[in-house]
Amino acid sequence: MTNLVTDTGVVFSRELRPVLRNPFSVVFAMVQPLVFLGLFAPLLPDDLSLQWFVPGIVVMSCLFGTSMTGSNLLFEIQTGSHERMLVTPLRRPALLIGRALKEIVPVVVQAAVIVALCLPFGFDLHLAGTLLGLVILSVFCLGLGSLSYTLALAAKNQEWLFWTVQQTLLFPLLLLAGMLLPVEAGPGWLQALSRWNPLTYVVEAERALFAGDVWASTTVTGAIAAVAVGAFGLLVGTRAMQRSA
Amino acid sequence: MIETHELTRHFKDVQAVRGINLTVAPGELVALLGPNGAGKSTTLRMLTTLIPPTSGTAKVAGHDVVRAQREVRYRIGYIGQGNGAAHSQRGRDELISQGRAYGMKVTEARRRAAELIESLDLGAVADRTVSTLSGGQRRRLDIAMGLIHAPELLFLDEPSTGLDPQNRANLQQHIVELRERYGTTIVLTTHYLDEADAMAERVIVIDHGRIIADDTPARLKDEHVGDRIILGFAHESDAAAVASRVPHKFHRSGTELTISVPGAPRLVTGLLDDLRAWGLPPAEVEVRRATLDDVFLQLTGRSLREGGAARSAGDTEDTEPALVEV
């Protein structure tokens, strides 16, 4: 018999299959973070090292890829395969959770590619911290993916609506998280806004963890922020999926 | 297999379906016919658990569509208007996922997928990305998706829309075969009159969210329209003279006289003999069998073809008038 776990497994493996069939798609999808890594990192002031910059780029690749993932669902809503899946006995939450879980795979692969590319340029790999960092990032990405799918379900036949909202939110979230440049150097109002951005805490946690500082308090705040986004995303997403028709 | 009671669905202030009472027995092949916006698809979406009814009830394959959604979903197959297989996936992969969605083991799903690929003639394209398939191939793949779990009841929403005549004929043949082989109950919606006429033993005409007729195509046509002989004369006076002599129901419009009579194809030769004997030979003769469009016109005062039904350029005519030059 089936249950929520097996149903989620069916959806997850279906989502993952095109990625496995064409693994290079994962690398093609990370062009933007790589551009920032190649063309922005050299512009960093001397006091900001590659060690500081790389965790931000790992989070950025998660943010870019995962926030767009709803467009895959949007396309399936438009072509009809989402409707076909709604008529199967698959449990509605599984239709969302399976999809969102799959987002973790490209994020981890992309993180590995970024780290591997930076090792020759003096980036120090602290394995335990990096792995813990990826766990926190995966939880965050589960929530972000769910929110992207929620946006797709809400936009339905209005593709422009999906992209408008996604693009409008993407860069403020990215800049306010201090991903490219430290927010501490900015004016007070910007720093205040940054404290309201859950992504800020994730980025701070990643920086500490990628540097091998596992026991930092930022690990806890980062984990809390990631779990909050994850839980909120799954809650909103499964509700949207249950109402989907 | 299906039993609905006053099934109703409103969208905001639009009453899409207004109290449909429908019974479909196991093994039937039923066509829901009506113009776009008549409520066919909305009815189908309620029967397939996609949307809940505003009021009324429906039991599908023995279970209530609201209270026992999963039970219904296990037992039905659904082929919607779009493509069931995602364009980014490969056909075979989608078939296997679909099987697993119905609780099949991977090996079983793989075996069943291979079987359907074979029987729907998809062997050459099953391992290609769906987006590279032609419209006809995608539609056959959709059919395979809907059949993966060998459902006892299959719903098809506008199955042949957008296909060229050859692919439509091919698809219809697959559907008919499926039913002959497995006794599957089939409910399809269509706005192609010839399709309903050719395939279904029972046609349910829907208009403005209500059932307005429900019978075999032959009986619908006999009852509501019948056959006609259309005579064209050189002069209006000839047409009027003939009209006064024929013992059948008629309608005259200028030089054209339309005679309504059952069995028109058999009677036409005798009629022509009479006309010659009277010295009133017609310039043109056409025997027109009743079509479902005529039935719809008779029932609603509107033609289905004008009802906004999108028809492709390569579409075949629904009527095949037997023209006889005299």
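How much area do chain A and chain B bury between them? About 2,400 Å², with 52% of it on carbon and sulfur atoms. The model is predicted. The size of an interface is often given as the accessible area lost when the parts come together.

Start with who takes part. Chain A brings 24 residues to the contact, and chain B brings 29 residues. Three residues of chain A stand out: Arg84(A), Val87(A) and Pro89(A). They supply 29% of the area that chain A buries against chain B, more than any other three residues.

Now look at the polar side of the interface. Chain A and chain B share 13 residue pairs in polar contact. On the side of chain A that touches chain B, helix H1 (4–21), helix H5 (70–79) and helix H6 (81–87) each supply at least two residues. H1(A) gives the most, with seven residues. By class, this side of chain A has nine nonpolar, six polar and nine charged residues.

Side chains of opposite charge can pair when their charged atoms come close. Across the interface of chain A and chain B there are four salt bridges. One of the salt bridges pairs Glu94(B) with Arg84(A), at 2.8 Å from N to O. Glu94(B) lies in helix H3 (residues 91–101) of chain B and Arg84(A) in helix H6 of chain A, so this pair joins two chains. Are the two residues buried or exposed? Both Glu94(B) and Arg84(A) are buried. The pair also belongs to a network of salt bridges. Arg14(A), Glu15(A), Glu76(A) and Arg99(A) are linked in that network with Arg84(A) and Glu94(B).

Arg202(B) lies in strand E9 (residues 202–207), and Glu28(B) in the loop between strand E2 (14–24) and strand E3 (29–33), so the pair ties together parts that are 174 residues apart in sequence. Arg202(B) and Glu28(B) are both buried.

Next comes Glu201(B). What does Glu201(B) form a salt bridge with? The partner is Arg179(B), and the closest N and O atoms are 2.8 Å apart. This pair links distant parts of the chain, 22 residues apart. Glu201(B) sits in the loop between helix H7 (193–199) and E9 of chain B, while Arg179(B) is in helix H6 (residues 165–182) of chain B. Glu201(B) is partly exposed, with a relative accessible area of 39%. Arg179(B) has 18% relative accessibility, so it counts as buried.

For chain B as a domain, turn to the record. UniProt, in an unreviewed entry, places the feature "domain: ABC transporter" at residues 2–233 of chain B. Over residues 2–233 the chain is 37% helix and 28% strand. The end C-alpha atoms of that stretch are 52 Å apart.

Finish with two backbone details. Lys156(A) has phi near 50 degrees, a positive value in a residue other than glycine. Lys156(A) lies in the loop between helix H9 (127–155) and helix H10 (159–176) of chain A. At 37% relative accessibility, Lys156(A) counts as partly exposed. In chain B, Ala150(B) has phi near 45 degrees, also a positive value. Ala150(B) is found in the loop between helix H5 (135–147) and strand E7 (153–157) of chain B. Its relative accessibility is 56%, so Ala150(B) counts as exposed.

Technical notes
Residues are numbered from 1 along each chain as its sequence is written. Chains are lettered from A and ligands numbered from 1 in the order in which they are written. This is a predicted model: local features need pLDDT of at least 70, side-chain atom pairs count only at pLDDT 80 or more; totals for chains, interfaces and linings use all residues. Side-chain values use heavy atoms; hydrogens and water are left out. Contact means heavy atoms within 4.5 Å. Buried area is the accessible area (1.4 Å probe) that two parts lose on being put together, summed over both. A salt bridge is a side-chain nitrogen of Lys or Arg within 4 Å of a carboxyl oxygen of Asp or Glu. A polar contact is a pair of N or O atoms within 3.5 Å; within protein, one must be able to donate a hydrogen and the other to accept it, and residues adjacent in sequence count only if both atoms are side-chain atoms. Helices (H or I, at least four residues) and strands (E, at least two) are DSSP runs, numbered from the N terminus. Ala, Val, Leu, Ile, Met, Phe, Trp, Tyr, Cys and Pro count as nonpolar, Asp, Glu, Lys and Arg as charged, and the others, Gly among them, as polar. Buried means under 20% relative accessible area, exposed over 50%, partly exposed in between (1.4 Å probe, protein chains only). UniProt positions are given in the numbering used here, feature names are shortened, and annotations may be inferred rather than shown by experiment.
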